[in-house]
Amino acid sequence: MRYAKDRYLALLGIAPDVHDDNHYENAKAKTITQPEISRYYNQHRNEFKRVTQASGRHVLVKDQVLADRIYNELTAGLDFNQAIKKYSQSDDKNAATPGAIDWVYNTPSVSWRDSLFLILPLKQINRPIKAPAADEWEIIMVDKRIEEFQGADSEGVRYQVARILAHQKIAQEFYALKKRLHTETPIQVNPALMR
């Protein structure tokens, strides 16, 4: 019986280990209306923020050992600007604001390094990160960030909320079916098993 239940939950797309792409859930998501999406969006608006631009500073070095040492000094109290002036191997270490990275915009063409300013925590010394295609390590401090709310009618919100609501509806349907089956199905216990 448990096997049948697990298979049914997987079919519905509400089993805990099911893959993201589920035909039943996809079909259910297509039935979610824009008013339903707007209601959910209005109740959970803070979940739909998008970073549009950010700026900050960085220390660039050529090896991990040095990057780790600088990080340890920073967490022990070394000023970030002093670390940039003392250690950074980037030309921008001598800028008016040492290591300054001016506004980075959230566009499809944003570089790998610049994208870090959009996703790393604000006002925090972040662990050293190695550039994927180079022998460089960076320690980044995000100083400023501008966020905006995604529109309730944007494709990103529509897709995400439709899947959330579809999942909720499928779960409700399942529990209603389970309750109905429990109510309508006569259960008899074999007295021999009661010993």
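Modeller: What follows is a set of questions about labels, with the rule behind each answer.

Modeller: Bear in mind that this is a predicted model, where local features need pLDDT of at least 70, side-chain atom pairs count only at pLDDT 80 or more, and totals for chains, interfaces and linings use all residues. Residues are numbered from 1 along each chain as its sequence is written, and side-chain values use heavy atoms, with hydrogens and water left out.

Biologist: Fine. How many helices and strands are there, and what makes a run count as one?

Modeller: The protein chain has seven helices and four strands. Read from the N terminus, the order is α-α-α-β-α-α-β-α-β-β-α.

Biologist: What makes S3 and S4 a pair?

Modeller: Two strands pair if DSSP finds at least two bridges between them. S3 and S4 are joined by two bridges and run antiparallel, so they pair by that rule. Ile129, for example, has Glu138 in S4 as its bridge partner. H6 packs on the sheet too, touching S1, S2, S3 and S4, with its direction at about 55° to that of S4; such angles run from 0 to 180 degrees between N-to-C directions, with axes fitted to C-alpha atoms, for helices over the stretch in contact.

Biologist: Why do S2 and S3 count as edge strands?

Modeller: The open sheet has four strands in the order S2-S1-S4-S3, paired antiparallel. S2 and S3 each have a single partner strand, so one side of each is left without a neighbour in the sheet.

Biologist: Why is Lys123 called exposed?

Modeller: Exposed means over 50% relative accessible area, buried under 20%, and partly exposed in between (1.4 Å probe, protein chains only). Lys123 has 58%, so it counts as exposed. Lys123 sits in the loop between helix H6 (112-119) and strand S3 (129-130), and has a positive phi of about 55° although it is not a glycine.

Biologist: And Arg163, buried or exposed?

Modeller: Buried, because its relative accessible area is 15%. Arg163 lies in helix H7 (residues 155-184). Its side chain makes a polar contact of 3.3 Å with that of Glu25. The rule there asks for a pair of N or O atoms within 3.5 Å; within protein, one must be able to donate a hydrogen and the other to accept it, and residues adjacent in sequence count only if both atoms are side-chain atoms.

Biologist: Why is the pair of Tyr41 and Phe48 called tilted?

Modeller: Rings of Phe, Tyr and Trp (its six-membered ring) pair if their centres lie within 6.5 Å; planes under 30 degrees apart are stacked, over 60 edge-to-face, and the rest tilted. Tyr41 and Phe48 have centres 5.5 Å apart and planes at 35°, so the pair is tilted. Tyr41 is buried at 5% relative accessibility, and Phe48 is buried at 0%.

Biologist: What makes Phe174 and Tyr175 edge-to-face, then?

Modeller: Their planes are 70° apart, with 5.2 Å from centre to centre. Phe174 is buried as well, at 7% relative accessibility.

Notes. Contact means heavy atoms within 4.5 Å.
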